[in-house]
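Here is my note on the model you sent.

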Protein chains: 2
Amino acid sequence: MTEVAQQVGVSPITVSRALNKPEKVSEALREAILKAVEETGYVPDFAARALASRHSNLVGVLTSLLGSAIFPPVMRGLEDRARDSGIRLQYANTRYDPKEEIYQLKQFYGQNPTGILIGGVQMDPGVMDMLSRAPCPVVQFIDITMPPVDMAIGINNAAAATTATQHLLSQGYRRIGFAAARLDIPVRMRLSGFQHTLQDAGIFDPNLIFLTGGDTVIPAASRVLDGLFAAAPDLDAIFCATDEMATGLLFECQRRGISVPDQMGLCGFTGLEFSGYTVPALTTVQTPLYDLGFKGLDMVLRTRAGRPTPKILDLGFQLITRDTTRRTGG
Amino acid sequence: MTEVAQQVGVSPITVSRALNKPEKVSEALREAILKAVEETGYVPDFAARALASRHSNLVGVLTSLLGSAIFPPVMRGLEDRARDSGIRLQYANTRYDPKEEIYQLKQFYGQNPTGILIGGVQMDPGVMDMLSRAPCPVVQFIDITMPPVDMAIGINNAAAATTATQHLLSQGYRRIGFAAARLDIPVRMRLSGFQHTLQDAGIFDPNLIFLTGGDTVIPAASRVLDGLFAAAPDLDAIFCATDEMATGLLFECQRRGISVPDQMGLCGFTGLEFSGYTVPALTTVQTPLYDLGFKGLDMVLRTRAGRPTPKILDLGFQLITRDTTRRTGG
DNA sequence: TTGTAAGCGTTATCAG
DNA sequence: CTGATAACGCTTACAA
């Protein structure tokens with residue numbers, strides 16, 4: 001920066017101003033400075049900037065879903081909102097591990113973050129404690145019926161699961177299983193909606209819940225079918241906690257010659273891009289993933305700007321009935 | 001940090017040492033300091049640390065594939081290599097836009113990065129120029145036959161495509177199309193291998209190349225089939241630049257009642273987790289994605305440590321023949 | 001093994 | 001509108 005300043009014949013602070021508060025520098029000087037910046041290939045040092053100004057314009061996004069097909073639309077929303085706001089986005093993968101969450105939170109806290117967006121994995125006390133100490137606004141991607149540490153955005157998972165389960169019942173399915181990779185918070189809420197709906201109908205069977213564990217969803221589909229059929233040979237439908245699970249099960253049914261939707265109904269969750277394109281097309285609960293990113297970051301930026309912001313934002317959901325639950329018989 | 005130092009009754013520099021070079025501090029003091037760190041909830045300021053020490057332990061990962069199904073295994077490799085190395089990983093999405101690449105590179109350069117890993121999108125001169133000025137080791141995820149700015153890791157895409165195309169020919173397919181979202185570098189090399197193989201066989205038709213453009217691959221499958229069939233009503237196979245494209249085309253063939261593999265052969269590329277589970281299972285070229293991440297970061301860390309490192313690392317590939325090219329007739 | 005002094009590159013504050 | 005000065009929180013270099 002000193003080099004740029006010397007080249008133009010001004011003091012470093014003027015260069016700083018030309019870059020950060022252009023309106024405070026005369027136009028002629030500003031142009032000369034920007035030209036010199038180009039020529040010298042000057043790149044500002046963010047560490048020094050953050051140290052001196054005490055803010056980093058860095059927003060951290062922590063999630064276990066960074067490597068999942070759910071995340072790309074969220075990312076598009078985040079990035080569209082970040083564009084032209086001066087905010088830098090930094091993603092970190094927490095891999096369903098509270099230790100990793102705490103470690104990554106420390107990494108962010110050490111950078112004077114402007115905001116933290118975190119996918120609610122589980123209510124680990126260490127993580128909650130850490131979050132409550134955050135030096136910045138925190139938005140949790142989580143079920144909106146949970147009390148957030150600071151702010152929350154998401155949907156009412158139990159209500160969505162209830163809607164989906166009622167749809168399965170309305171199509172005549174009666175022996176309905178539940179399949180998920182793991183019981184993170186949103187999935188737990190989905191299970192709860194599923195369970196209550198079936199209990200109300202008098203047909204809930206706790207043996208028909210299958211968790212695969214592990215990272216890979218689609219290859220686990222075979223184990224899911226084995227497990228559920230062992231518990232109920234007359235199984236006729238599966239409510240899946242994610243579209244990936246539903247897709248894997250669809251493939252596995254095809255492989256075994258089980259006809260979908262007649263012998264087996266399948267319902268997914270969080271409509272992924274491809275779920276409308278499988279054959280048969282997947283019934284699913286669509287959630288506004290793009291908005292999750294866009295509006296989630298918006299909550300942080302509004303808070304920072306001191307503008308009024310709801311603490312909890314319900315994005316709503318939509319059941320999309322397609323072919324995997326459309327019984328021709330009844 | 002001063003607070004921690006006062007609580008223990010030492011100078012700040014001793015706290016710094018206890019944290020960064022524990023072996024240089026007596027054990028008693030070290031324990032007392034670590035305890036005080038816990039109690040006070042002290043989190044080091046990375047900006048100050050980077051400013052003073054002139055290194056950030058930050059490795060930037062730039063890619064257009066951050067939101068793609070290809071990336072999760074790469075990410076696992078990166079994170080496994082980063083674990084316990086003190087390295088922080090930061091991902092940025094470049095969205096196939098050279099402007100975005102340059103912007104993100106600037107963001108990283110401003111942080112004294114320890115290394116940059118970048119997915120080679122296209123040889124944009126501005127990006128290349130920027131990369132050649134990098135203040136750290138740079139590893140390009142790219143075709144290994146391209147000269148890298150610094151280091152490169154990947155496969156020989158043309159050779160892999162040649163192998164796959166020869167397989168299609170050996171199965172008796174003759175009117176073979178090529179489908180891709182866009183011609184980034186690796187895909188261009190695949191096209192080149194595809195083209196040369198068909199030219200050698202005397203059956204290359206330049207009209208049978210279809211690019212969808214855009215972000216969404218699977219929904220575009222219908223347009224691909226329309227376009228290719230318009231060019232060649234007797235089309236009998238499609239070599240797809242990615243598994244996602246192949247999966248979309250498989251669904252679309254099923255929808256149209258085109259039997260795969262008999263009426264239409266389909267071959268994908270970069271074996272994703274799910275490609276072995278579609279029905280029929282997808283023939284594809286498997287590439288070692290986990291290693292791409294693990295060994296890519298390893299190249300950076302070896303370079304930093306002054307250990308000998310190849311400039312170009314060929315990870316190899318493997319053709320996996322499955323059902324979408326296994327003609328029962330011939 | 002521990003402490004002192006100086007400085008990393010930038011911006012806040014206050015003066016001109 | 002521009003500049004001088006001090007400070008941000010930490011680490012390097014050197015000294016005790």
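1. Chain A and chain B bury about 4,100 Å² between them, and 56% of that area is on carbon and sulfur atoms. Three residues of chain A stand out. A:Arg95, A:Phe251 and A:Tyr277 supply 14% of the area that chain A buries against chain B, more than any other three residues. Keep in mind that this is a predicted model.

2. By residue count, the interface is even. On chain A, 45 residues are in contact with chain B, and they meet 45 residues of chain B.

3. Now the charged and polar pairs. The rule finds six salt bridges across the interface of chain A and chain B. One of them joins the side chains of A:Glu100 and B:Arg83, at 3.2 Å from N to O. For polar contacts across the interface of chain A and chain B, the rule finds 14 residue pairs, both residues at pLDDT 80 or more.

4. Which elements build the side of chain A that touches chain B? Helix H4 (46-53), helix H5 (71-82), strand S2 (88-93), helix H6 (98-109) and helix H11 (243-256) of chain A each supply at least two residues. By class, this side of chain A has 22 nonpolar, 11 polar and 12 charged residues.

5. An unreviewed UniProt entry annotates residues 1-53 of chain A as "domain: HTH lacI-type". In the model, the chain over residues 1-53 of chain A is 72% helix and 0% strand. The end C-alpha atoms of this stretch are 16 Å apart.

6. Next, DNA strand C. It is surrounded by 24 residues, and the closest are A:Ser16, A:Asn20, A:Tyr42, B:Thr14 and B:Arg17. Of the atoms of DNA strand C that come within 4 Å of the protein, 67% belong to sugar and phosphate.

7. Two side chains of chain A approach phosphate oxygens of DNA strand C. For A:Asn20, an N or O atom in the side chain is 2.5 Å from a phosphate oxygen. For A:Lys21, the corresponding distance to a phosphate oxygen is 3.3 Å. A base is reached from the backbone: an N or O atom of the A:Ala48 backbone lies 3.5 Å from a base nitrogen of DNA strand C.

8. H4(A) has the largest share, four residues. The residues of this surface divide into 12 nonpolar, six polar and six charged.

9. On to DNA strand D. Sugar and phosphate make up 66% of the atoms of DNA strand D that come within 4 Å of the protein.

10. How does A:Arg17 meet DNA strand D, and at what distance? An N or O atom in the A:Arg17 side chain is 2.5 Å from a base nitrogen of DNA strand D. A polar backbone atom of A:Ser26 is 2.8 Å from a phosphate oxygen of DNA strand D. From chain B, a backbone N or O atom of B:Ala48 lies 3.4 Å from a base nitrogen of DNA strand D.

11. Helix H2 (12-20) and H4 of chain A, with helix H2 (12-20) and helix H4 (46-53) of chain B, each supply at least two residues of the surface near DNA strand D. H4(B) gives the most, with four residues. This surface has 12 nonpolar, six polar and six charged residues.

Notes. Residues numbered from 1 in each chain as written. Chains lettered and ligands numbered in written order. Predicted model: local features only at pLDDT ≥ 70, side-chain atom pairs only at ≥ 80, totals over all residues. Heavy atoms only, no water. Contact = heavy atoms within 4.5 Å. Buried area = accessible area lost by both parts, 1.4 Å probe. Salt bridge = Lys/Arg side-chain N within 4 Å of Asp/Glu carboxyl O. Polar contact = N/O pair within 3.5 Å; in protein donor to acceptor, adjacent residues only side chain to side chain. Nonpolar A, V, L, I, M, F, W, Y, C, P; charged D, E, K, R; others polar. Near = heavy atom within 4 Å. UniProt positions renumbered as here; feature names shortened; annotations may be inferred.
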